[in-house]
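Visitor: I am new to this structure. Could you take me through it step by step?

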Amino acid sequence: MGMPTTQPTTVVGVFHDRRRAEEAVAALERAGFTADQLGFATRDDTFRHGRSDGAEAHVTTDTGPGSGAASGAAAGGVLGGIVGAAAALAVPGVGPALAAGILGPVLASAAAGAGIGDAGGGLVGGLVTTGVTEEDARYYDSEFRSGRSLVTVRVGSGSRAEEARRILREHGAYDAESRADATVAMPALDASPARNRAADTRGAADATGVLHVPEIEERLSVEKRSVPQGDVRIHKRVETEQQSIPVEVEHEEIRVEQRTVEPRPLAENVSIGAFEEGTIRIPIRGEEVVVHKEAVVTGEVVVNKDRTVERREIADTVRRQLVEIDEIDEPVARGAAEVDRR
């Protein structure tokens with residue numbers, strides 16, 4: 001992450017998700033970074049509101065073995081070795097916190113009375129002594145106050161520093177150099193839940209550092225698409241009936257009549273072939289009825305589709321995000337907070 005020019009230097013990662021911070025610590029340990037090189041610190045609401053199993057939460061300023069590490073580990077589902085030894089602390093101005101590794105003594109001094117934001121002590125002072133610039137240290141202090149988790153790796157400026165930065169980034173960390181890419185949160189006003197309702201609202205800061213917190217609402221948008229809603233079926237069936245058409249047909253009939261005539265001489269031209277046997281065939285013709293069937297159109301069924309418009313009321317649930325401002329009783333920076341409602 002950020003790489004100061006002084007030696008030794010400390011690589012710092014800021015995490016929105018405490019579990020990702022714990023996973024990053026575990027990955028750093030697997031990469032060979034030792035416990036005296038690593039630091040871990042996080043705000044711990046588990047100890048503010050009580051543990052999920054109903055047991056009484058215990059907060060201490062002792063960072064020795066058994067000083068609340070078991071409770072912190074159970075509440076956070078720890079993964080890293082040094083995180084498993086984290087101590088539960090009550091830090092003035094911050095509230096319940098967990099700290100381990102090289103950040104343990106730093107926050108312990110703040111819990112004992114040293115101002116966490118003072119350059120000479122607390123988190124800012126502790127980071128400055130490890131090679132972090134005072135400006136960057138104050139940025140990390142503000143992120144920690146806003147509920148972020150911090151992981152520090154004390155290394156030189158060589159390949160191990162780059163390795164530490166890579167591991168932290170792979171687990172979702174950002175630092176003072178990449179803060180423009182991170183989501184900005186309102187700073188914590190107080191340790192009490194009532195004072196911190198606005199601290200959980202996130203917005204985006206512009207180039208001048210002014211924080212813009214949007215008020216958001218959902219609105220219904222309706223679109224129409226064509227969908228099948230059934231069909232109309234037209235069936236065709238074939239019926240048969242017997243029809244008769246009167247037709248007149250002609251045919252030839254043979255009438256054979258045998259007559260007796262007066263004897264007369266046989267004509268010479270017909271004497272040839274006389275007294276020869278044979279058969280005389282006389283063709284008979286007649287009309288035959290041939291039936292043809294022709295398909296003719298006698299009617300039709302016309303199918304039309306009409307488009308009907310009906311009005312419907314479409315209802316759904318929409319959400320709206322409102323930004324509430326709590327009045328601050330105490331003076332802030334020697335003056336009263338002014339709210340410009342437009």
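Predicted model: local features only at pLDDT ≥ 70, side-chain atom pairs only at ≥ 80, totals over all residues.

Visitor: How many helices and strands does the chain have?

Guide: The chain has eight helices and ten strands. Both are DSSP runs, numbered from the N terminus: helices are H or I with at least four residues, and strands are E with at least two.

Visitor: What share of the chain is buried?

Guide: Of the 342 residues in the chain, 29% are buried. Buried means under 20% relative accessible area, exposed means over 50%, and partly exposed lies in between (1.4 Å probe, protein chains only).

Visitor: Which strands form the open sheet, and in what order?

Guide: Five strands form it, in the order 1-5-2-4-3, with antiparallel pairing. Two strands pair if DSSP finds at least two bridges between them. Strand 1 and strand 3 (87-91) are at the edges with a single partner strand each, so one side of each has no neighbour in the sheet. From one strand to the next, the twist averages 20 degrees. Axes here are lines fitted to C-alpha atoms, for helices over the stretch in contact, and angles run from 0 to 180 degrees between N-to-C directions.

Visitor: How many bridges join strand 1 and strand 5?

Guide: Strand 1 and strand 5 pair over seven bridges in the antiparallel sense. Thr-10 has Arg-154 of strand 5 as its bridge partner, and Gly-13 has Val-151.

Visitor: And how many between strand 2 and strand 5?

Guide: Strand 2 and strand 5 pair over four bridges, also in the antiparallel sense. Phe-40 stands opposite Val-151 of strand 5, and Ala-41 has Leu-150 as its bridge partner there.

Visitor: Back to strand 1: are its faces covered or open?

Guide: Both faces are covered. Thr-9, Val-11, Gly-13 and Phe-15 are buried on one side, and Thr-10, Val-12 and Val-14 are buried on the other. Seven of the seven residues of strand 1 are buried, so the strand is largely enclosed by the rest of the structure. Val-12, for instance, has 2% relative accessibility.

Visitor: How many residues of strand 5 are buried?

Guide: Six of the seven residues of strand 5 are buried, so this strand too is largely enclosed by the rest of the structure. Thr-152 lies in strand 5 and is buried, with a relative accessible area of 1%. Its contacts, not counting residues up to four places away in sequence, include Thr-10, Gly-39, Ile-102 and Leu-127. Contact means heavy atoms within 4.5 Å.

Visitor: What about the largest nonpolar core: how many residues has it?

Guide: The largest nonpolar core has 24 residues, and those with the most contacts inside it are Leu-28, Phe-33, Phe-40, Val-151, Val-153 and Leu-168. A nonpolar core is a set of buried Ala, Val, Leu, Ile, Met, Phe, Trp, Tyr and Cys residues joined through side-chain atoms within 4.5 Å.

Visitor: Which element gives the most to this core?

Guide: Helix 1 gives the most, with five residues. A second, separate core of 23 residues includes Leu-89, Ala-97, Tyr-140 and Leu-150.

Visitor: How do helix 1 and helix 8 meet? At what angle do they cross?

Guide: The axes of helix 1 (residues 18-30) and helix 8 (residues 159-170) come within 9 Å and cross at roughly 145 degrees. Arg-20, Ala-24, Ala-27 and Leu-28 of helix 1 make the contact with Ala-164, Ile-167, Leu-168 and Glu-170 of helix 8.

Visitor: One last topic: is helix 6 mostly covered or mostly open?

Guide: Helix 6 (residues 122-129) is mostly covered, with six of its eight residues buried. The buried ones are Gly-122, Leu-123, Val-124, Gly-125, Gly-126 and Leu-127. Just after helix 6, Gly-131 takes a positive phi of about 110 degrees.

Conventions. Residues numbered from 1 in each chain as written. Heavy atoms only, no water.
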